Amino acid sequence: MKQYIKEILISLLDKYEHSKVSDGNNQIRVSLKLTTDKVFPKYFDNEAFELREKVNEAIEELISKGWIVAKRSSNHTYSDVTLPQNEDVLSQIYLFLGREKKSDRRQKLTELLTTFMGGGDGTVEKYCKKQLENLEQNKAVEFFDGDYEELKSILACCIALKKLPQEMYYRNFSVKQFGDSKKFELLQGKISSLLYKYGDFSEKESVFDELGLLKTPSYIHIKGNVSIFWKDGKCLDAAGLDGGVGISTTDVKKIVSVKIQDEKIVTIENLTSFFSFSEPNVCAVYLGGFCNHLRREFLMKVYGAEPAKKYFHYGDIDAGGFYIFEHLRTATGIPFAPLMMNVDTLRKYKPYWKELTKNDVSRLQKIRSPIFQEVIAFMLKENCKLEQEAETLGGE
């Protein structure tokens with residue numbers, strides 16, 4: 001019977017907390033009524049006799065406590081139950097269920113969010129501002145499941161990730177943040193969702209990559225007539241190597257200078273496309289994802305040594321590819337131009353088109369860069385996008 005009692009009380013409190021009856025001081029102004037079959041859909045089913053008897057016992061127990069008001073009909077059923085206008089009753093019910101009062105929860109969340117509003121991170125501040133508005137409008141706080149310490153950890157992680165001084169592995173970050181190598185794994189879904197929704201990232205799945213948080217070592221691949229000089233005087237020459245060379249991003253800081261004989265430098269979004277790419281007098285660079293601070297440092301060393309070269313970026317013809325291009329230009333300040341990310345390329349590889357999703361359409365419509373407006377208009381009209389790897393297939 002205790003379970004039925006809890007279900008009735010929980011349903012009444014849920015309705016109370018989602019109604020305008022509940023205000024910031026948690027005062028009941030009018031009675032709240034709930035039909036019995038709303039809580040127990042089979043209550044009036046003639047074949048559910050045992051259920052009805054147990055529910056009746058629960059209702060009568062609650063009536064005897066003075067926690068609800070209900071009237072039994074001639075056929076021995078209760079059509080509805082009512083939460084009375086009594087603050088003491090409400091307090092007793094919250095205590096019985098071990099449930100926090102809405103007013104207390106709201107106050108604690110307001111204090112927590114207000115504290116993080118001053119943390120100096122734009123993404124977290126944007127999130128906190130929105131959640132404070134949600135509280136004012138009697139709405140739920142996103143990514144909060146009743147655990148205040150978890151929410152604090154999520155927000156603290158978001159701030160720490162935005163300030164990573166260098167690339168770091170998941171477990172090392174977890175130890176640094178929590179003293180536990182596995183705790184970050186439990187929170188990473190909420191953290192990436194929050195950062196993606198309130199930050200400036202292309203894909204939720206790539207948020208950590210862009211911030212420099214890695215599961216495995218990251219490499220910069222480069223091929224062409226390239227010579228890389230190190231602090232110890234050694235030189236790495238990639239000329240003549242069709243597959244190029246891979247440099248761990250941890251070694252980027254050791255690079256003194258870069259010398260490139262090719263006229264053009266092309267950054268490439270996908271690794272398969274990098275290995276397939278072969279153009280005369282072109283140096284190709286695969287950065288292994290988004291341009292975080294170490295990859296940016298590498299490109300700045302290249303640009304510092306070769307400012308007169310022509311710089312291009314070659315990526316997917318989709319919202320993500322356009323975002324990566326814009327982020328690359330903004331992060332480095334290098335005047336990249338798009339390569340094969342246009343209408344002509346789409347037309348050439350039409351057999352490999354993919355249809356746009358609703359999310360694709362929404363993201364394309366938000367892109368304001370004049371560079372891609374023509375191709376975006378074409379994509380929306382033709383309902384298409386193109387992965388970079390498909391161009392490799394089309395060229396075989």
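Student: What makes strand E6 (residues 226-230) largely enclosed by the rest of the structure?

Tutor: This is a predicted model, and in it 4 of the 5 residues of E6 are buried, so the strand is largely enclosed by the rest of the structure. To count as buried, a residue must have under 20% relative accessible area.

Student: Which strands pair with E6, and how do you know that they pair?

Tutor: Pairing needs at least two bridges. E6 and strand E9 (residues 255-260) have 5 bridges, in the antiparallel sense, and Ile228 has Val258 as its bridge partner in E9. With strand E7 (residues 235-237), E6 pairs over 3 bridges, again antiparallel; there the bridge partner of Phe229 is Cys235. The hairpin of E6 and E7 has 4 residues between the strands, and Gly233 takes a positive phi near 90° in that hairpin.

Student: What makes the link between the side chains of His313 and Thr267 a polar contact?

Tutor: The distance is 2.8 Å, and the cut-off for such a pair of N or O atoms is within 3.5 Å. The pair therefore passes on distance, and it is listed as a polar contact between the two side chains.

Student: Where does E12 sit in its sheet?

Tutor: The open sheet has 6 strands in the order E8-E5-E11-E10-E12-E13, with mixed pairing. Its edge strands are E8 (245-248) and E13 (337-338), each of which pairs on one side only. E12 and E13 run parallel and are joined by 2 bridges, with Phe312 opposite Ala337. Helix H13 (residues 319-332) packs on the sheet, touching E10, E12 and E13, and its direction makes about 150° with that of E12.

Student: Why do we say that the buried residues of H6 line one face?

Tutor: Seen down the axis of H6, the buried residues fall within an arc of 125°, so they line one face of the helix. Thr123, Tyr127 and Leu135 are among these buried residues, which pack against helix H5 (102-117), helix H7 (148-162) and helix H9 (183-198). The face turned away from the buried side carries the exposed residues Lys129 and Glu136.

Student: What makes Asp121 a cap for H6?

Tutor: A side-chain oxygen of Asp121 lies 3.2 Å from the backbone nitrogen of Thr123, at the N-terminal end of the helix. Just after H6, Asn138 takes a positive phi of about 65°.

Notes:
Residues numbered from 1 in each chain as written. Predicted model: local features only at pLDDT ≥ 70, side-chain atom pairs only at ≥ 80, totals over all residues. Heavy atoms only, no water. Polar contact = N/O pair within 3.5 Å; in protein donor to acceptor, adjacent residues only side chain to side chain. Contact = heavy atoms within 4.5 Å. Axes fitted to C-alpha atoms, helices over the stretch in contact; angles between N-to-C directions. Buried < 20%, exposed > 50% of the residue type's maximum accessible area, 1.4 Å probe, protein only. Arc of directions from axis to C-beta.
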